Amino acid sequence: SRRSALQGVLAEQWSSYGEQGPQLSGTGIRGTIAEVLQVPPQYERAIEVALGERLRGVIVDGHPQAREAIDVLRKQGLSMGTFIPLHPRMPPKGSIPDATLPGIVAIAQEVVTTTIEFSPVIDYLLDGVVIVDNLHSALQLWEHHGNHLQDHVSHPLLFVTVTGEYVDTGGVLGVGSVPSAMGLLQRQREVKEIEAQLTDARSLAATTRGQCEALATQIQEHTRQQQEYEANAREEEIQLVNVQHDKERTDQELHRFGADHQRLTHSLETNRHALASIAHELTDAGRRKETFAHDRQSIDQLLTQRQHEGVASEGIFQTTLERVNNTRLTQHTLFSRRDGLQSKLASLEQATLDRKEKKTQLEHEHHRMTEQWHAAQNDAVRLEDSIHALKTAMASQDTTVATAQAHLDQMTALTRTHDTTHTNTQKTLEEIRQKRNEFAIGRAEHTTSLDHIATLLSETYEISMETVQDQLGDVRIDVEQTRAILSQRRQRRDRLGPINLAAAEESQALDERLSFLTAEENDLLQSIASLEDIMTRLNDTTSQLFQETFQALRKTFNDLFSRLFEGGMADLVLDDPDPITAGIDIVAQPPGKRLKQLSLLSGGEKALTAFALILASYLLRPTPLCVLDETDAPLDDENIARFVRLLQEVAASTQFLIITHNKQTMAGADKLYGTTMAEPGITILLSASLENTR
């Protein structure tokens with residue numbers, strides 16, 4: 001990240017202290033000047049120029065800690081380092097220019113802040129530093145305050161422009177490093193800003209995660225409520241179905257009662273017709289009796305016979321009266337039964353109305369719960385939209401971080417380019433200076449040689465140099481051309497900038513850092529190679545163990561399949577040569593059928609095949625107890641018998657707890673446990689042992 005890269009660049013400020021730099025931070029070292037300063041961005045360049053190399057200075061508790069640090073540096077063969085005590089000796093106070101004067105931007109001590117602990121150090125370093133707008137104002141202020149010479153000497157002033165030029169007490173003008181290079185204070189400020197942004201991003205991410213967790217909790221709560229509503233709806237549907245079944249049974253009873261009522265009514269009509277016929281017969285019998293009375297005189301000879309017939313008629317009459325009485329009693333009983341049936345029919349109709357009303361209430365409740373369920377679904381959709389918005393915001397944050405990283409990469413590349421250019425410029429300047437020194441030495445040698453030749457001519461030949469020059473002719477040098485060449489070379493020298501006297505030490509520090517990073521890279525490469533070797537061994541071991549377990553599972557699965565189906569074969573097939581990433585296909589061939597995949601088998605065949613695979617994997621790593629929940633539900637009677645026989649064979653080494661509703665499976669068990677509700681609200685636990693019955 002950009003923060004890590006800038007921290008790595010800032011860590012290079014310890015490079016001049018060798019490998020002991022991080023170790024010095026724990027032995028009375030309070031930190032560097034750059035770490036404790038808080039400078040506004042517009043004044044960073046001016047403060048960097050004013051402090052110079054002291055910006056890399058280290059704050060210590062006192063002189064003993066400074067001497068100890070210097071001894072450590074000397075042991076490392078290093079001699080570069082500045083150590084400032086926490087309470088330095090302050091120079092006598094002098095007059096500071098008024099900040100309201102033209103050209104003055106700020107007083108350094110007023111705009112640079114730090115903690116109370118380091119205030120004496122910062123006051124000492126920035127004492128007399130005045131920030132001005134440009135070099136012209138700096139010169140004017142220097143000339144104005146240069147008249148107070150005594151105060152000027154006792155309390156020196158340093159005028160620094162915001163662009164990096166400076167004028168010191170003696171009137172020396174200078175300029176800082178290349179303006180495009182990123183300064184140490186700017187890097188420190190950017191690190192702090194990035195850390196603040198990172199803290200905000202982390203807090204935002206934590207808040208987002210908290211919101212996501214809260215939304216997830218709400219979704220789970222809505223899901224739970226939805227499940228409860230669905231369960232209540234299913235219970236109400238079951239109650240509604242039960243009410244409909246009760247209504248159908250009531251309608252059937254009403255239909256049966258109506259048929260009984262029609263049958264009784266028909267019986268009453270039949271009895272009424274019988275009574276009418278008996279009454280008609282009685283009327284006929286009376287008419288015959290009257291006829292017999294009128295004809296009594298005429299048929300005296302037949303009296304005895306008629307009397308017997310009369311006695312017989314009386315018997316018939318009595319029998320008919322008994323039948324009439326019995327019919328009336330039966331009619332009264334039927335009327336009572338009809339009244340009872342009508343009363344029961346009325347109660348059933350009232351119960352039907354009550355159930356219809358309850359059904360209506362249940363339908364309203366179901367409609368209300370359905371609306372609540374839809375509302376919960378809408379809330380879930382809104383929550384999902386909120387989660388999507390939060391994810392979009394997080395993606396935007398990631399994009400911002402990526403943009404910042406790209407900007408950091410550009411700045412790092414630009415810094416490296418400027419460093420390379422600076423190094424090349426320093427090398428070129430050093431070569432030019434060496435050539436200039438060589439030229440001066442050659443010129444001095446030539447001058448000495450000419451003096452020697454002149455002395456030799458004068459003493460030996462008594463000839464002066466002027467005479468020799470007259471004899472040799474007028475040999476002149478083009479002065480203007482020589483001056484133009486010198487001017488061009490001076491301009492090239494000025495463009496090269498000031499000489500970095502610490503380039504050799506920085507180069508040595510960079511070489512040491514390169515060696516350290518190279519060693520770290522080699523260690524990382526060795527660690528990566530070691531990890532890759534470990535991963536290879538783990539993959540080989542995992543593949544070997546998987547192959548062994550897989551082959552054992554194939555054999556056991558095929559054996560159990562053949563025992564369950566009484567023939568056939570089944571197998572497990574890998575869909576990829578690499579066992580680590582391969583999937584597993586199940587193929588089976590029941591007796592008399594072709595080899596098929598599991599998805600092409602019937603329901604019962606799928607259930608038996610799945611049970612064979614589960615039992616095979618269980619037998620590879622058996623446990624004392626195995627629970628099977630309605631495994632035999634999709635099986636027919638023949639397959640259930642095979643299922644029970646296989647369980648009885650395996651039960652010798654494992655205890656099986658089976659939940660089932662099948663009587664054939666119950667008959668093969670050793671013990672049965674069940675619950676019943678003999679009375680409403682009272683549950684009774686029942687158990688039976690079948691071991692002694694077989």
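Five aromatic pairs are found in a search of the whole structure, where rings of Phe, Tyr and Trp (its six-membered ring) pair if their centres lie within 6.5 Å. The structure is a predicted model, in which local features need pLDDT of at least 70 and side-chain atom pairs count only at pLDDT 80 or more, whereas totals for chains, interfaces and linings use all residues. Residues are numbered from 1 along each chain as its sequence is written, and side-chain values use heavy atoms, with hydrogens and water left out.

A pair of aromatic rings is described by the distance of the centres and the angle of the planes. One of the pairs joins Phe-611 and Phe-643, with 4.8 Å centre to centre and 65 degrees between the planes. This arrangement is edge-to-face (planes over 60 degrees apart; under 30 counts as stacked, the rest as tilted). The pair links distant parts of the chain, 32 residues apart, with Phe-611 in helix α15 and Phe-643 in helix α16 (residues 637–650). Helices are DSSP runs of H or I with at least four residues, strands are runs of E with at least two, and both are numbered from the N terminus. Phe-611 counts as buried because its relative accessibility is 5%, and Phe-643 counts as buried at 0%; buried means under 20% relative accessible area, with a 1.4 Å probe and protein chains only.

Phe-611 also takes part in the contact between helices α14 and α15. The axes of α14 (residues 503–565) and α15 (residues 603–620) come within 8 Å and cross at roughly 135 degrees; axes are lines fitted to C-alpha atoms over the stretch in contact, and angles run from 0 to 180 degrees between N-to-C directions. Contact means heavy atoms within 4.5 Å, and the residues making it include Phe-557, Phe-561 and Phe-565 of α14 and Leu-608, Ala-612 and Leu-615 of α15. The residues of this contact divide into 15 nonpolar, four polar and one charged. Phe-557, Phe-561 and Phe-565 form one aromatic cluster.

The protein chain as a whole comprises 17 helices and 15 strands. Of its 694 residues, 25% count as buried. Helix α4 (residues 44–51) is mostly covered, with eight of its eight residues buried, among them Glu-44, Arg-45 and Glu-48. α4 is followed by Gly-52, whose phi is positive, near 65 degrees.

How values were computed. Nonpolar A, V, L, I, M, F, W, Y, C, P; charged D, E, K, R; others polar. Buried < 20%, exposed > 50% of the residue type's maximum accessible area, 1.4 Å probe, protein only.
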